Each structure stands twice: as C-alpha cells, then as structure tokens.
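Subject: Handing over the structure

Hi,

Here is the structure I promised to pass on. Have a look at it first, and then read my notes below.

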Amino acid sequence: MGKEYDSSEIISEGLKQDVLWLLITVYSYVTRRRFEGLGKMSREAFVVDWVLLESAARDIVSRLTALDDDTRNNRSFQTLFAALKREGLDSKRTSDLNRKIKTYRTLVNDLKVSHRNRYIAHVNTNVAVVPRVFDNPVAFEAAASKAVNLLDDIIGSKVEYIFSMASDLKIDLRQALSNSSMEDGESSIVDTMNETSND
C-alpha cells in the first residue's frame with residue numbers, strides 16, 4: 001500500500017486558518033502595544049498587558065516558524081508545495097515557488113535561531129527568560145508580510161483575512177495591518193501585504 005498524503009486543497013485550507021490566526025495575533029499585538037489610556041492604567045494593568053504582549057510575540061514567532069516546518073504531514077508552506085508538485089505543478093511555477101519558499105525560509109531563520117531556539121523552545125540553562133517587548137522587541141513584521149504574500153502566491157489568488165469579533169464587528173486584517181504603524185515611526189507592519197510578492 002502506498003503512502004497516503006493530504007491533498008493541496010486540505011493543506012491550503014488549513015494554512016489559510018493558520019495565517020488568519022497569525023494575523024489576528026499580530027493585530028492584537030499592534031493594538032495593545034499602543035497602550036491607549038496609559039495615563040489611566042493601574043500599574044498592575046500595565047504589567048499584565050506587558051506580559052500578554054510578550055506572550056503574543058512568542059506566539060507570532062512560533063506561528064511564523066511553524067509555517068516553515070518541513071516535517072512530512074505537518075502543515076506548512078513546504079508540505080503544501082510538496083503536495084502541489086505531487087499533483088502535477090508545472091516546472092515554471094515549481095521553480096518560482098521554490099525560490100519564494102527559500103526566501104521565506106531565509107527570512108524566518110533568524111526568528112528560529114535568535115528567538116525560538118534561544119528563549120522559547122530550546123532554552124539553555126543559563127538564559128533569563130524575561131519579557132523583551134520594550135528593550136529588545138522581536139522584528140517579525142517582514143516575516144509576517146512575507147507569509148501572507150507567499151500563501152497568496154502558492155494558492156494563486158489573494159486570500160481574504162477577516163477577523164469576526166461579533167456579527168456587526170468585522171476587521172479586514174490586510175487593510176488594518178497595512179494602515180497600522182509600529183511605535184517610533186516604523187513602517188507599517190505589513191507594508192507589502194496588499195501587493196503581489198516579487199521575491
């Protein structure tokens with residue numbers, strides 16, 4: 001009996017959900033990091049928000065690195081690409097997507113080495129695991145933007161990411177994060193999220 005593999009359709013539907021929850025977490029992080037109402041916050045509320053921001057950053061790093069997992073039967077860009085090749089992806093698209101997936105892998109590798117492997121998943125005995133939100137924040141913006149664009153490229157169309165908080169409160173995460181800026185005048189978190197990826 002031959003090996004059983006999930007179809008590209010099943011994997012891509014799962015990845016759409018993975019990226020949706022990545023963006024929900026990014027949106028929550030960006031919104032909370034503004035510390036609106038800081039002057040009226042108690043010290044306890046401030047510290048709790050600070051800890052939650054750190055947890056969100058760790059979740060974002062974990063989600064971004066999971067999208068690069070090449071373990072068979074784990075959902076990722078790698079396994080979606082493998083499924084598409086099994087299903088007869090043409091050579092030009094194979095070459096193009098291979099290049100783009102390698103670009104994502106290179107981009108996310110720093111998050112793996114500098115963050116996930118250092119203080120999230122493989123913590124050395126002598127490492128202090130303290131919040132880094134203010135003194136050494138994780139630069140995940142480029143990888144998040146690349147993840148969104150890469151899934152668009154692999155699927156072949158722009159994926160819509162709507163955060164439905166209630167029946168009358170829905171947020172288009174592409175739009176919200178494209179317009180959102182990080183503190184200290186940095187560029188928006190997903191400047192290229194509404195563009196087709198050229199990498």
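First, the ground rules. This is a predicted model, where local features need pLDDT of at least 70 and side-chain atom pairs count only at pLDDT 80 or more, while totals for chains, interfaces and linings use all residues. Residues are numbered from 1 along each chain as its sequence is written, and side-chain values use heavy atoms, with hydrogens and water left out.

**The chain as a whole**

The protein chain has six helices and two strands. (Helices are DSSP runs of H or I with at least four residues, strands are runs of E with at least two, and both are numbered from the N terminus.) Starting at the N terminus, the order of the elements is α-α-α-α-α-β-β-α.

Of the 199 residues in the protein chain, 40% are buried. Here buried means under 20% relative accessible area, exposed means over 50%, and partly exposed is in between, using a 1.4 Å probe and protein chains only. If you take the contacts between residues at least 6 apart in sequence, 70% of them join residues at least 24 apart. Contact means heavy atoms within 4.5 Å.

On confidence: pLDDT is the predictor's confidence in each residue, from 0 to 100. The chain's mean pLDDT is 82, with 77% of its residues at 70 or more. Confidence is highest in α3, at a mean of 95, and lowest in helix α4 (residues 91–120), at 83. Do take care with residues 182–187, where the pLDDT is below 50. In the model that stretch has ten contacts beyond near neighbours in sequence.

Axes here are lines fitted to C-alpha atoms, for helices over the stretch in contact, and angles run from 0 to 180 degrees between N-to-C directions. Angles under 35 degrees count as roughly parallel, over 145 as roughly antiparallel, 65 to 115 as roughly perpendicular and the rest as oblique.

Helix α1 (residues 8–33) packs against helix α3 (residues 77–86) at an angle of about 155°, and their axes are 9 Å apart. That makes α1 and α3 roughly antiparallel to each other. Their crossing is left-handed, meaning that the near helix is turned anticlockwise from the far one by less than a right angle (clockwise would be right-handed). On the α1 side, Ser8, Ile11, Ser12 and Leu15 meet Phe77, Thr79, Leu80, Ala83 and Leu84 of α3. Six of the residues in this contact are nonpolar, three are polar and none is charged. (Ala, Val, Leu, Ile, Met, Phe, Trp, Tyr, Cys and Pro count as nonpolar, Asp, Glu, Lys and Arg as charged, and the others, Gly among them, as polar.)

Next, α1 with α5: these pack at an angle of about 160°, with axes 11 Å apart, so they are roughly antiparallel to each other. This crossing is left-handed. Ser12, Leu15, Lys16, Val19, Leu22 and Leu23 from α1 meet Ala147, Val148, Leu151 and Ile155 from α5. The tally for this contact is eight nonpolar, one polar and one charged.

Then α3 with helix α5 (residues 141–155): the axes come within 11 Å and cross at roughly 10°, so this pair is roughly parallel. Phe77, Leu80 and Leu84 of α3 make the contact with Ala147, Leu150, Leu151 and Ile154 of α5. Seven nonpolar residues make up this contact, with no polar and no charged ones.

Ser12 sits in helix α1 and is buried, at 11% relative accessible area. Apart from neighbours within four places in sequence, Ser12 is in contact with Leu80 and Ile155. Ser12 lies 71 residues from Ala83 in sequence, but their C-alpha atoms are 9.8 Å apart.

Gln78 belongs to helix α3; its relative accessibility of 19% counts as buried. Setting aside neighbours within four places in sequence, Gln78 is in contact with Leu67, Asp68, Asp69, Asp70, Ile101 and Arg105. From Gln78 to Ile101 the separation is 23 residues in sequence and 7.5 Å between C-alpha atoms.

Lys102 and Asp68 are 34 residues apart along the chain, and 9.4 Å separates their C-alpha atoms.

Over to you!
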